[in-house]
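I opened the notebook for a look through this model, one topic per entry. Here is what I looked up, in the order I went.

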Amino acid sequence: MKQRKSTIYSVCALAILLVAGCGKKPAPKVPQAPPPPPPAPTASLSANPMSVQKGQPVQLTWSTTNATDVNIEGVGGVNASGTQSVTPQESTTYRLTARGPGGSQEATARVTVEGPVAAPPPSQQAADTSSDEQWLAGHVQDVFFDYDSADISPEAQRTIQANVQALGQRSTVRVTIEGHCDERGSTEYNLALGESRAAAVRSALTAAGMNASRINTISYGKEKPQCTEASESCWQKNRRGHFTITK
């Protein structure tokens, strides 16, 4: 009898353990989906007009998205979207490359250049007996900048286009672009800013068709002002890229 009761107790205990062991199991963790990849850049580039006579300007227009670095071959680094005037001396394919976290994208625009730049009449060439320094002062203008900036403004771009056409009349002349600043800021800061301004003018000249081998640059910072009054009109005259003959 005692053995039977012991067996019953054992069976009951086992049943209780089995019931206790059948509780609800925790749900398995669902793995999180990886974040979506960054979007790929988009890019477009157009030229207007697409066919010009040699020496005529062309307007490049571009637009990009999802890009952190945008470059146009022959022009340099540019903003994500914008326009710029160029004067190709021969048929050229402009190539834009947009790079970002999602990869890179390219766009191209082809410009066909036809015919040579019209040369001045022989009578005008013979009549121009001025020295290179005198000629430069009368035909090539300074390029001016906004405060604390080395960006080429639309007005500065028009000046550069006129300078390229003028310098095309004296193809043997080599120039040095001097980068100047107004008196505000430290000497070291303005030397660096003047260097950036001279480099920006040089890049714009080459993009407009001038041979880079004809151009040198130097920075004077705020050390050689052409105006010494402490006023905005005077400071504006000192924020410039100035042209001199390379000796």
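**Entry 1: ground rules.** I take helices (H or I, at least four residues) and strands (E, at least two) as DSSP runs, numbered from the N terminus. This is a predicted model, so I follow its cut-offs: local features need pLDDT of at least 70, side-chain atom pairs count only at pLDDT 80 or more, and totals for chains, interfaces and linings use all residues. Residues are numbered from 1 along each chain as its sequence is written, and side-chain values use heavy atoms, with hydrogens and water left out.

**Entry 2: the whole chain.** I find 6 helices and 12 strands in the chain. For burial I use relative accessible area: buried is under 20%, exposed is over 50%, and partly exposed is in between (1.4 Å probe, protein chains only). Of the 247 residues in the chain, 32% are buried. Contact means heavy atoms within 4.5 Å. Taking contacts between residues at least 6 apart in sequence, I see that 68% join residues at least 24 apart.

Entry 3: Which peptide bond is cis, with omega near -5°? I find that bond running from Asn-48 to Pro-49. Pro-49 sits in the loop between β1 (42-48) and β2 (51-53).

Asn-66 is not a glycine, yet its phi is positive, near 60°. I place Asn-66 in the loop between β3 and β4 (69-72), and its 37% relative accessibility makes it partly exposed. Asp-148, also a residue other than glycine, has a positive phi near 55°. Asp-148 belongs to the loop between β9 and α4, and at 41% relative accessibility it counts as partly exposed.

**Entry 4: Thr-42.** I went to strand β1 for Thr-42. With 39% relative accessibility, Thr-42 is partly exposed. What does Thr-42 touch, not counting residues up to four places away in sequence? I list Ser-63, Thr-64, Thr-65, Ala-98 and Gln-105.

**Entry 5: helix α4.** For a helix, I take the expected span as 1.5 Å times one less than its number of residues. The 14 residues of α4 should therefore span 20 Å, and the end C-alpha atoms are 20 Å apart, which agrees. The buried residues of α4 are Ala-156, Gln-157, Thr-159, Ile-160, Gln-161, Asn-163, Val-164, Ala-166 and Leu-167. Their cover includes β6, α3 (132-139), β9, β10, α5 and β12.

**Entry 6: helix α5.** I ran the span check again on α5 (residues 187-207): its 21 residues should span 30 Å, and the end C-alpha atoms are 30 Å apart, so the two agree. Among the buried residues of α5 I note Asn-190, Leu-193, Arg-197, Val-201 and Leu-205. The buried residues of α5 pack against β6 (81-86), β9 (143-144), α4 (154-167), β10 (175-180), β11 (215-221) and β12 (240-245). Just after α5, I see Gly-209 with a positive phi of about 115°.

**Entry 7: cysteines.** A disulfide is a covalent bond between the sulfur atoms of two cysteines. My criterion is a pair of cysteine sulfur atoms within 2.5 Å, and the count by this rule is 1 disulfide. Cys-227 and Cys-234 form it, with sulfur atoms 2.1 Å apart. The torsion about their S-S bond is about -130°, so the disulfide is left-handed. Are Cys-227 and Cys-234 buried or exposed? Both are buried. I also checked Cys-181, which is buried at a relative accessible area of 3%.

**Entry 8: the largest pocket.** I work on a 1 Å grid over the protein atoms alone; a pocket is an open set of points where a 1.4 Å probe fits, with protein on both sides within 12 Å along at least five of seven lines, and lining residues have an atom within 4 Å of a point. The largest pocket is lined by 23 residues, and Trp-62, Thr-83, Gln-84, Ile-152 and Gln-157 lie nearest its centre. The elements giving two or more residues to this lining are β3 (58-65), β5 (76-77), β6, α4 and α5. From β6 comes the largest share, 5 residues.
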